[in-house]
Amino acid sequence: MSLEIFTHSWKTFEVLQIPAFDDNYLYLIVDSGSAWAVDPGDGPIIDSVLTQKNLKLKGILNTHHHSDHVGGNAFLAEKWQCPVYAHPKDQARIPAFTHPVQEGLTLELGNLKVQVLDVPGHTLNHVAYGLAEPQWLFCGDTLFPCGCGRLFEGTPQQMYGSLKKLRQLPGETLVFCAHEYTLSNLRFALQEFPDDTLLKRLQMEMTEKKQRTSCTIPTTLQMEKDANPFLRWDDPKIRKALEMSDAEDWQVFAEIRKRRDHF
Ligand code: ZN
Ligand code: FE
């Protein structure tokens, strides 16, 4: 069986985007024969890509502890004797954990500099990994095209703070998230905001793209700032539709998240 892999290049760097399970994406960040895995939920799939591409695994970056993100940690860390980076408070629930990372830390992975951002909400100790050059963001289950992660552990205020932090990154940033949820997110968004012309256009474009390539990821941060209802707490059109003109920003976010939970 040949595995479909999506490749994104910038200078000498590459992201390999590897579909797994029903709707996950696993990632390999590649530079000159070395690779770092982001959320390798399935060890054997990652290992077969490493073999196929003649790459050496140098490390594992986890955004959070859910099994679809850490399921391959033990197998890969054992085979490649590589470090596993994750938030220190998740040490007990991240298999093969070795290195703590949290906000403010810059990881040097070969020629790549990776900034760690704390983005609690989906889980309490969720982190995102942001590269400045190239502008790539690996945000796990925090931000999706026209959607955001479910609040399993954090509060709406925490998730709002995390999304606000991500929203401040440059618009050109490519957002590599961990699931293909785009079309259902758009169905929800258009149910709530049926007159939004950008969302209508995106639904047509993304439906076509999904049929043609089976993949709508990555998105750009600019597209999310413009279209994603979960980042538009201060957009007067969104507030008007929700009849929340005078609410706090986080309350607008919380209302949309609540409606999504019941969708
Ligand atoms: Zn998750
Ligand atoms: Fe997940």
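Are His64 and His122 buried or exposed? Both are buried, meaning under 20% relative accessible area with a 1.4 Å probe and protein chains only, where exposed is over 50%. Welcome to a predicted model, in which local features need pLDDT of at least 70 and side-chain atom pairs count only at pLDDT 80 or more. Residues are numbered from 1 along each chain as its sequence is written, and ligands are numbered from 1 in the order in which they are written.

**The zinc site**

- His64 (NE2), His66 (ND1), His122 (NE2) and Asp141 (OD) coordinate the zinc ion (ligand 1) at 2.2 to 2.3 Å; donors are N, O and S atoms within 2.8 Å of the metal (3.2 Å for Na, K and Ca), and sites may look incomplete because water is not among the atoms.
- Asp141 also coordinates the iron ion (ligand 2), which sits 3.1 Å from the zinc ion (ligand 1).
- His64 is in the loop between strand 5 (56-61) and helix 2 (67-70), and His122 is in the loop between strand 9 (112-118) and strand 10 (127-131), so the pair ties together parts 58 residues apart in sequence. Here helices (H or I, at least four residues) and strands (E, at least two) are DSSP runs, numbered from the N terminus.
- Along the chain, the donors of the zinc ion (ligand 1) have the spacing H-x1-H-x55-H-x18-D.

**Residues by pocket**

- Strand 9, strand 10 and strand 11 (136-140) each give at least two residues to the lining of the second largest pocket; a pocket is an open set of points on a 1 Å grid over the protein atoms alone, with protein on both sides within 12 Å along at least five of seven lines, and lining residues have an atom within 4 Å of a point.
- Among the residues lining this second largest pocket are Trp136 and Leu137.

Note on methods: Heavy atoms only, no water. 1 Å grid on protein atoms, 1.4 Å probe; cavity = no way out; pocket = protein on both sides within 12 Å on 5 of 7 lines; lining within 4 Å.
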